[in-house]
Amino acid sequence: MKTIYETSAINTGGRAGEAYTEDGNLKVKVDKPKEMGGTATTETNPEQLFAAGYSTCFNSALELVLKAAHKDYESSQVKATVRLIEDPDDKNSFKLDIDLAADIKGLSQADAEKFIKIAHKHCPYSKALHGNVNVNLSATGTE
């Protein structure tokens with residue numbers, strides 16, 4: 001199997017530390033959100049980082065499938081809402097629950113709903129989560 005791209009990130013301090021890439025392109029302080037016993041800070045957390053990565057990857061997959069289908073559209077935007085929830089199978093641990101909401105300007109509502117489902121089958125993040133994480137899809141098309 002051919003590797004297209006590879007990167008690494010390193011964390012020190014867990015949820016009260018920092019995360020960075022070896023190339024120096026990303027370096028962020030992380031902290032627990034207030035809802036998890038942290039203090040109100042300007043630091044990010046793993047769920048925010050995951051939401052940013054997933055929304056970016058998913059929107060790229062969406063644009064790719066729209067282009068492959070020769071669909072003209074004005075713009076697309078994807079919002080990923082990531083929730084950390086109690087794992088119903090293990091009350092001592094947590095899992096993710098995610099909403100992906102796409103807004104595609106220049107497509108009909110029916111096409112927006114069709115193409116978000118196709119993108120979900122192509123997105124590497126979606127593939128990685130398949131069968132492990134509940135991902136709720138919604139789409140808005142505005143012609």
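This is a predicted model: local features need pLDDT of at least 70, side-chain atom pairs count only at pLDDT 80 or more; totals for chains, interfaces and linings use all residues.
Is Tyr125 buried, exposed or partly exposed, and what is its relative accessible area? I looked this one up to start my notes: Tyr125 is partly exposed, at 29% relative accessible area.

Next I went for the aromatic rings. I got a count of 4 aromatic pairs. One of them is Phe50 with Tyr125, with ring centres 5.5 Å apart and planes at 55°. Planes under 30 degrees apart count as stacked and over 60 as edge-to-face, so anything else goes down as tilted. That makes the Phe50 and Tyr125 pair tilted.

Then I checked where these two sit. Phe50 is in helix H1, residues 46-68, and Tyr125 is in helix H3, residues 124-129.

Tyr54 and Tyr125 make a stacked pair, 5.4 Å centre to centre with 20° between the planes. This pair links distant parts of the chain too, with Tyr54 in helix H1 and Tyr125 in helix H3, 71 residues apart. I wrote down Tyr54 as buried, because its relative accessibility is 0% and the cut-off for buried is under 20%.

Last entry: I put the rings together. Phe50, Tyr54, Phe58 and Tyr125 form one aromatic cluster.

Methods. Residues are numbered from 1 along each chain as its sequence is written. Side-chain values use heavy atoms; hydrogens and water are left out. Rings of Phe, Tyr and Trp (its six-membered ring) pair if their centres lie within 6.5 Å; planes under 30 degrees apart count as stacked, over 60 as edge-to-face and the rest as tilted. Helices (H or I, at least four residues) and strands (E, at least two) are DSSP runs, numbered from the N terminus. Buried means under 20% relative accessible area, exposed over 50%, partly exposed in between (1.4 Å probe, protein chains only).
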